[in-house]
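Subject: Structure for your attention

Dear colleague,

Please find below the structure that I am handing over to you. My findings follow it, and I would ask you to read them with the model open beside the text.

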Amino acid sequence: MNNRARLLPMCLLVIATAFATVMYGQTAGGAPAAGAGQGGGGAAGQPPAQLTWDFNDHVGWKQVFDGRTLDGWDGSKNVWRVEDGAIVGESTVERPTIWNVNGANTGTAWLILNGKLRNFEFKTEIKLEGRTNSGIFFRATRLGAIPDDVYQEQLKKRIPEGGPTVRPNGTAWEVRGYEADYGIQPNGSLGDCCNGPQRGVGQIEFGKNPLPPRRPGGAPRGMVTLTTEGNKRELLGTIANPQDLAAKFTPTEWNQVQIIANGNVFMCIINGQLMSVWIDTDPKFGNAEGEIAVEVEGQGNVKAMFRNMWLKVLP
(Lines give C-alpha, C1' and ligand atoms only; values in the text may rest on other atoms or scores of the structure.)
Protein backbone atom coordinates (compact mmCIF):
# COMPACT_ATOMS: atom_id res chain seq x y z
CA MET A 1 0.00 0.00 0.00
CA ASN A 2 1.44 3.39 -0.94
CA ASN A 3 1.62 6.30 1.46
CA ARG A 4 -1.44 8.03 0.03
CA ALA A 5 -3.53 4.86 0.28
CA ARG A 6 -2.49 4.45 3.91
CA LEU A 7 -3.29 8.03 4.85
CA LEU A 8 -7.04 7.60 5.47
CA PRO A 9 -6.77 4.36 7.49
CA MET A 10 -4.00 5.80 9.63
CA CYS A 11 -6.01 8.97 10.24
CA LEU A 12 -8.91 6.76 11.32
CA LEU A 13 -6.59 4.91 13.69
CA VAL A 14 -5.47 8.19 15.24
CA ILE A 15 -9.12 9.20 15.72
CA ALA A 16 -10.04 5.81 17.20
CA THR A 17 -7.09 5.77 19.56
CA ALA A 18 -7.69 9.34 20.66
CA PHE A 19 -11.35 8.59 21.29
CA ALA A 20 -10.52 5.52 23.36
CA THR A 21 -7.90 7.40 25.34
CA VAL A 22 -10.04 10.43 26.12
CA MET A 23 -13.31 8.60 26.74
CA TYR A 24 -12.05 5.45 28.39
CA GLY A 25 -8.67 6.35 29.82
CA GLN A 26 -6.97 3.60 27.79
CA THR A 27 -4.25 3.44 25.19
CA ALA A 28 -3.49 0.78 22.59
CA GLY A 29 -1.03 -0.80 25.01
CA GLY A 30 -3.72 -1.52 27.57
CA ALA A 31 -2.25 0.70 30.28
CA PRO A 32 -4.19 3.71 31.60
CA ALA A 33 -3.44 6.98 29.93
CA ALA A 34 -0.99 9.12 31.83
CA GLY A 35 -2.70 10.48 34.90
CA ALA A 36 -6.00 8.81 34.10
CA GLY A 37 -8.04 8.67 37.29
CA GLN A 38 -4.92 9.39 39.31
CA GLY A 39 -4.73 13.17 39.27
CA GLY A 40 -1.32 13.02 37.60
CA GLY A 41 -0.20 15.20 34.73
CA GLY A 42 -0.70 14.33 31.09
CA ALA A 43 1.41 15.29 28.13
CA ALA A 44 3.15 18.64 28.27
CA GLY A 45 0.54 21.39 28.28
CA GLN A 46 -2.35 18.90 28.22
CA PRO A 47 -4.74 18.00 31.06
CA PRO A 48 -4.71 14.33 32.11
CA ALA A 49 -7.18 12.03 30.37
CA GLN A 50 -10.03 11.12 32.69
CA LEU A 51 -12.38 8.16 32.52
CA THR A 52 -15.75 9.71 31.64
CA TRP A 53 -17.67 6.58 30.66
CA ASP A 54 -20.95 6.14 32.52
CA PHE A 55 -23.43 3.53 31.32
CA ASN A 56 -26.24 5.29 33.16
CA ASP A 57 -25.64 8.64 31.47
CA HIS A 58 -28.58 8.93 29.07
CA VAL A 59 -28.22 12.55 27.97
CA GLY A 60 -28.55 12.54 24.19
CA TRP A 61 -29.64 8.88 24.14
CA LYS A 62 -32.98 7.34 23.11
CA GLN A 63 -34.40 4.36 24.97
CA VAL A 64 -35.22 1.62 22.43
CA PHE A 65 -36.74 -0.96 24.80
CA ASP A 66 -39.54 0.11 27.15
CA GLY A 67 -39.09 -2.84 29.53
CA ARG A 68 -42.60 -4.16 28.85
CA THR A 69 -43.13 -4.82 25.13
CA LEU A 70 -41.24 -5.56 21.93
CA ASP A 71 -42.53 -2.40 20.29
CA GLY A 72 -40.03 -1.22 17.69
CA TRP A 73 -38.45 -4.67 17.38
CA ASP A 74 -39.08 -7.43 14.85
CA GLY A 75 -38.52 -11.14 15.49
CA SER A 76 -40.17 -14.51 15.95
CA LYS A 77 -42.68 -14.57 18.79
CA ASN A 78 -41.80 -18.25 19.23
CA VAL A 79 -38.33 -17.18 20.32
CA TRP A 80 -38.50 -13.70 21.82
CA ARG A 81 -40.52 -12.41 24.77
CA VAL A 82 -40.34 -9.85 27.57
CA GLU A 83 -39.84 -11.20 31.08
CA ASP A 84 -38.98 -9.32 34.29
CA GLY A 85 -38.05 -6.16 32.43
CA ALA A 86 -35.73 -7.90 29.97
CA ILE A 87 -35.93 -9.14 26.39
CA VAL A 88 -35.45 -12.92 26.43
CA GLY A 89 -34.48 -15.04 23.43
CA GLU A 90 -34.72 -18.78 24.05
CA SER A 91 -34.14 -21.99 22.10
CA THR A 92 -34.72 -25.46 23.58
CA VAL A 93 -34.12 -29.05 22.57
CA GLU A 94 -37.87 -29.53 22.16
CA ARG A 95 -38.40 -26.26 20.28
CA PRO A 96 -35.24 -25.19 18.45
CA THR A 97 -35.32 -21.92 16.55
CA ILE A 98 -33.35 -22.60 13.36
CA TRP A 99 -31.47 -25.81 12.64
CA ASN A 100 -28.11 -25.58 10.96
CA VAL A 101 -27.60 -27.65 7.83
CA ASN A 102 -25.17 -30.02 9.57
CA GLY A 103 -27.99 -31.35 11.72
CA ALA A 104 -26.54 -30.11 14.98
CA ASN A 105 -29.04 -29.26 17.68
CA THR A 106 -28.37 -25.56 17.35
CA GLY A 107 -30.84 -22.76 17.74
CA THR A 108 -30.18 -19.39 16.12
CA ALA A 109 -32.48 -16.39 16.02
CA TRP A 110 -32.34 -12.61 15.74
CA LEU A 111 -34.47 -9.78 17.08
CA ILE A 112 -34.13 -6.70 14.88
CA LEU A 113 -34.47 -3.05 15.85
CA ASN A 114 -36.50 -1.48 13.05
CA GLY A 115 -34.74 1.28 11.12
CA LYS A 116 -31.45 1.59 9.25
CA LEU A 117 -28.55 3.37 10.90
CA ARG A 118 -25.14 4.61 9.80
CA ASN A 119 -23.22 6.16 12.69
CA PHE A 120 -24.36 5.50 16.23
CA GLU A 121 -23.62 4.32 19.75
CA PHE A 122 -25.69 1.46 21.15
CA LYS A 123 -25.55 0.13 24.68
CA THR A 124 -27.33 -2.62 26.55
CA GLU A 125 -26.91 -5.13 29.37
CA ILE A 126 -26.55 -8.81 28.45
CA LYS A 127 -26.85 -12.03 30.43
CA LEU A 128 -26.61 -15.61 29.09
CA GLU A 129 -27.76 -19.06 30.22
CA GLY A 130 -26.69 -22.44 28.86
CA ARG A 131 -24.07 -23.08 26.16
CA THR A 132 -24.99 -19.80 24.55
CA ASN A 133 -23.35 -17.70 21.89
CA SER A 134 -24.86 -14.28 21.43
CA GLY A 135 -23.93 -10.96 19.95
CA ILE A 136 -25.02 -7.60 18.64
CA PHE A 137 -25.26 -7.26 14.87
CA PHE A 138 -25.08 -3.79 13.35
CA ARG A 139 -25.36 -2.28 9.87
CA ALA A 140 -27.06 -5.59 9.17
CA THR A 141 -29.04 -6.63 6.07
CA ARG A 142 -32.04 -8.96 6.23
CA LEU A 143 -31.56 -12.04 4.04
CA GLY A 144 -35.22 -12.76 3.28
CA ALA A 145 -37.48 -15.66 4.20
CA ILE A 146 -37.50 -19.21 2.82
CA PRO A 147 -41.02 -20.74 2.63
CA ASP A 148 -41.64 -23.46 5.19
CA ASP A 149 -42.15 -26.24 2.65
CA VAL A 150 -38.99 -25.34 0.72
CA TYR A 151 -37.04 -25.03 3.96
CA GLN A 152 -38.18 -28.49 5.07
CA GLU A 153 -37.32 -30.01 1.69
CA GLN A 154 -33.83 -28.55 1.83
CA LEU A 155 -33.31 -29.93 5.33
CA LYS A 156 -34.19 -33.40 4.03
CA LYS A 157 -31.46 -33.10 1.40
CA ARG A 158 -28.81 -32.25 3.97
CA ILE A 159 -29.88 -34.21 7.05
CA PRO A 160 -30.35 -37.98 6.62
CA GLU A 161 -33.29 -38.21 9.01
CA GLY A 162 -34.92 -35.18 7.42
CA GLY A 163 -34.46 -32.89 10.37
CA PRO A 164 -37.23 -31.44 12.52
CA THR A 165 -40.35 -29.71 11.36
CA VAL A 166 -39.87 -26.10 12.39
CA ARG A 167 -42.73 -23.71 11.61
CA PRO A 168 -42.42 -20.83 11.35
CA ASN A 169 -38.82 -21.54 10.42
CA GLY A 170 -37.39 -18.17 11.46
CA THR A 171 -35.52 -17.45 8.23
CA ALA A 172 -37.43 -14.17 7.81
CA TRP A 173 -35.16 -12.67 10.47
CA GLU A 174 -31.80 -13.97 9.33
CA VAL A 175 -29.35 -11.11 8.88
CA ARG A 176 -25.85 -10.43 7.71
CA GLY A 177 -23.64 -7.60 8.92
CA TYR A 178 -20.98 -6.60 11.38
CA GLU A 179 -21.14 -8.36 14.74
CA ALA A 180 -19.85 -7.69 18.22
CA ASP A 181 -19.56 -11.27 19.42
CA TYR A 182 -20.58 -12.16 22.95
CA GLY A 183 -20.61 -15.75 24.17
CA ILE A 184 -20.54 -18.03 27.19
CA GLN A 185 -16.85 -18.33 26.31
CA PRO A 186 -16.00 -14.64 26.88
CA ASN A 187 -15.54 -12.84 23.61
CA GLY A 188 -15.67 -9.11 22.87
CA SER A 189 -14.46 -9.48 19.29
CA LEU A 190 -15.68 -7.65 16.19
CA GLY A 191 -16.29 -9.50 12.94
CA ASP A 192 -18.21 -9.93 9.71
CA CYS A 193 -21.13 -12.32 10.08
CA CYS A 194 -22.79 -14.24 8.46
CA ASN A 195 -24.53 -15.81 5.46
CA GLY A 196 -27.34 -16.97 7.71
CA PRO A 197 -27.43 -20.56 8.98
CA GLN A 198 -28.98 -21.73 5.70
CA ARG A 199 -28.13 -19.43 2.79
CA GLY A 200 -27.68 -15.92 1.40
CA VAL A 201 -30.08 -13.45 -0.22
CA GLY A 202 -32.46 -15.10 -2.67
CA GLN A 203 -30.85 -18.53 -2.34
CA ILE A 204 -32.97 -21.66 -2.12
CA GLU A 205 -30.50 -24.43 -2.91
CA PHE A 206 -27.81 -24.79 -0.27
CA GLY A 207 -24.28 -24.09 -1.42
CA LYS A 208 -25.31 -21.46 -4.00
CA ASN A 209 -24.73 -18.28 -2.10
CA PRO A 210 -24.89 -15.07 -4.19
CA LEU A 211 -23.26 -13.05 -1.42
CA PRO A 212 -19.49 -12.73 -1.04
CA PRO A 213 -18.27 -15.23 1.55
CA ARG A 214 -17.96 -14.20 5.16
CA ARG A 215 -14.60 -12.59 5.88
CA PRO A 216 -12.37 -14.13 8.51
CA GLY A 217 -10.50 -11.96 10.92
CA GLY A 218 -12.12 -8.71 11.95
CA ALA A 219 -10.75 -7.53 15.29
CA PRO A 220 -10.32 -10.27 17.91
CA ARG A 221 -10.55 -9.26 21.56
CA GLY A 222 -7.53 -7.22 22.56
CA MET A 223 -6.63 -6.06 19.05
CA VAL A 224 -6.81 -2.93 16.89
CA THR A 225 -6.99 -4.03 13.25
CA LEU A 226 -7.28 -2.49 9.79
CA THR A 227 -8.93 -4.19 6.82
CA THR A 228 -8.28 -2.72 3.37
CA GLU A 229 -9.27 -3.54 -0.22
CA GLY A 230 -8.93 -7.20 -1.06
CA ASN A 231 -9.63 -8.19 2.56
CA LYS A 232 -6.07 -7.45 3.59
CA ARG A 233 -5.85 -7.24 7.38
CA GLU A 234 -3.18 -5.61 9.48
CA LEU A 235 -2.68 -5.67 13.22
CA LEU A 236 -2.11 -2.02 14.12
CA GLY A 237 -1.86 -2.39 17.87
CA THR A 238 -3.01 -4.19 20.97
CA ILE A 239 -5.26 -3.09 23.81
CA ALA A 240 -4.34 -5.69 26.42
CA ASN A 241 -3.81 -9.41 26.86
CA PRO A 242 -7.00 -11.15 25.61
CA GLN A 243 -7.12 -13.41 28.69
CA ASP A 244 -6.89 -10.40 30.99
CA LEU A 245 -9.72 -8.74 29.09
CA ALA A 246 -11.86 -11.88 29.33
CA ALA A 247 -11.61 -11.63 33.11
CA LYS A 248 -13.38 -8.25 32.96
CA PHE A 249 -16.81 -9.83 32.50
CA THR A 250 -18.82 -12.95 33.36
CA PRO A 251 -21.44 -13.82 30.70
CA THR A 252 -23.75 -15.55 33.19
CA GLU A 253 -24.13 -12.25 35.04
CA TRP A 254 -25.42 -8.89 33.78
CA ASN A 255 -22.73 -7.02 31.85
CA GLN A 256 -22.80 -3.61 30.19
CA VAL A 257 -21.97 -3.73 26.49
CA GLN A 258 -21.51 -0.73 24.20
CA ILE A 259 -20.98 -0.67 20.43
CA ILE A 260 -19.73 2.38 18.54
CA ALA A 261 -19.92 2.63 14.74
CA ASN A 262 -18.61 5.88 13.30
CA GLY A 263 -17.59 5.93 9.66
CA ASN A 264 -15.16 3.06 9.12
CA VAL A 265 -14.27 2.71 12.81
CA PHE A 266 -16.01 0.22 15.10
CA MET A 267 -15.46 -0.34 18.82
CA CYS A 268 -16.65 -2.91 21.35
CA ILE A 269 -16.67 -1.91 25.03
CA ILE A 270 -17.72 -4.16 27.93
CA ASN A 271 -18.15 -2.81 31.46
CA GLY A 272 -16.24 0.33 30.48
CA GLN A 273 -13.29 -1.65 29.13
CA LEU A 274 -12.35 -1.24 25.48
CA MET A 275 -12.20 -4.76 24.02
CA SER A 276 -11.56 -4.37 20.29
CA VAL A 277 -11.28 -1.78 17.53
CA TRP A 278 -11.83 -2.54 13.84
CA ILE A 279 -11.16 -0.10 11.01
CA ASP A 280 -12.79 -1.46 7.85
CA THR A 281 -12.06 0.35 4.58
CA ASP A 282 -12.69 -2.60 2.24
CA PRO A 283 -15.09 -1.15 -0.40
CA LYS A 284 -16.42 -4.58 -1.47
CA PHE A 285 -17.42 -5.95 1.90
CA GLY A 286 -18.00 -2.92 4.10
CA ASN A 287 -21.56 -1.98 5.08
CA ALA A 288 -22.37 1.73 5.14
CA GLU A 289 -25.73 1.30 6.90
CA GLY A 290 -28.14 -1.29 8.19
CA GLU A 291 -30.13 -2.44 11.20
CA ILE A 292 -29.18 -3.47 14.73
CA ALA A 293 -30.10 -7.00 15.81
CA VAL A 294 -29.51 -9.06 18.95
CA GLU A 295 -28.93 -12.80 18.74
CA VAL A 296 -29.46 -16.03 20.62
CA GLU A 297 -27.57 -19.10 19.46
CA GLY A 298 -26.32 -22.33 20.98
CA GLN A 299 -26.74 -26.02 21.55
CA GLY A 300 -29.38 -27.51 23.80
CA ASN A 301 -31.36 -25.21 26.08
CA VAL A 302 -29.99 -21.70 25.66
CA LYS A 303 -31.13 -18.23 26.62
CA ALA A 304 -29.91 -14.68 25.93
CA MET A 305 -31.32 -11.75 27.88
CA PHE A 306 -31.07 -8.01 27.17
CA ARG A 307 -32.18 -4.99 29.16
CA ASN A 308 -31.48 -1.23 29.46
CA MET A 309 -31.15 -0.68 25.72
CA TRP A 310 -30.17 2.79 24.52
CA LEU A 311 -29.27 4.36 21.18
CA LYS A 312 -27.46 7.57 20.28
CA VAL A 313 -27.45 8.55 16.60
CA LEU A 314 -24.21 10.23 15.51
CA PRO A 315 -23.73 12.65 12.59
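**Salt bridges**

R176 and D192 are both buried, where buried stands for a relative accessible area under 20%, exposed for over 50% and partly exposed for values in between, computed with a 1.4 Å probe on protein chains only. Their side chains meet in a salt bridge, with 3.8 Å from N to O; the term requires a side-chain nitrogen of Lys or Arg within 4 Å of a carboxyl oxygen of Asp or Glu. This pair links distant parts of the chain, since R176 belongs to strand β7 and D192 to strand β8 (residues 190–193), 16 residues apart. Strands here are DSSP runs of E with at least two residues, and helices are runs of H or I with at least four, numbered from the N terminus.

Before going further, please note that this is a predicted model, in which local features need pLDDT of at least 70 and side-chain atom pairs count only at pLDDT 80 or more, while totals for chains, interfaces and linings use all residues. Residues are numbered from 1 along each chain as its sequence is written, and side-chain values use heavy atoms, leaving out hydrogens and water.

How many salt bridges does the structure hold? There are nine salt bridges. Among them is the pair of E125 and R307, whose closest N and O atoms are 2.9 Å apart. E125 lies in strand β6 and R307 in strand β14 (residues 290–313), so this pair ties together parts that are 182 residues apart in sequence. E125 is buried at 9% relative accessible area, whereas R307 is partly exposed at 27%. Another salt bridge joins E90 to R81, again with 2.9 Å between the closest N and O atoms. E90 is partly exposed, at 25%, and R81 is partly exposed, at 27%.

**Aromatic rings**

A pair of aromatic rings is described by the distance of the centres and the angle of the planes. Rings of Phe, Tyr and Trp (its six-membered ring) pair if their centres lie within 6.5 Å; planes under 30 degrees apart are stacked, over 60 edge-to-face and the rest tilted. By this rule there are nine aromatic pairs. The centres of F138 and Y178 are 5.5 Å apart and their planes lie at 25°, so this pair is stacked. F138 is in strand β6 (residues 120–142) and Y178 in strand β7 (residues 175–183), 40 residues apart. F138 also pairs with F266, with centres 5.5 Å apart and planes at 65°, so that pair is edge-to-face. F266 sits in strand β12 (residues 265–270), 128 residues from F138. F138 and Y178 are buried, and F266 is buried too, at 1%. One aromatic cluster is formed by F120, F138, Y178, F266 and W278.

The charged end of R307 sits over the ring of W254, 4.0 Å from its centre; this requires NZ of Lys or CZ of Arg within 6 Å of the ring centre and within 35 degrees of the ring normal.

**Strand β13**

Eight of the eight residues of strand β13 (residues 273–280) are buried, so the strand is largely enclosed by the rest of the structure. Strands β12 and β13 run antiparallel and are joined by six bridges, two strands being paired if DSSP finds at least two bridges between them. V265 stands opposite I279 in β13. Strand β9 (residues 223–228) runs parallel to β13, with four bridges, and T227 stands opposite D280.

A colleague
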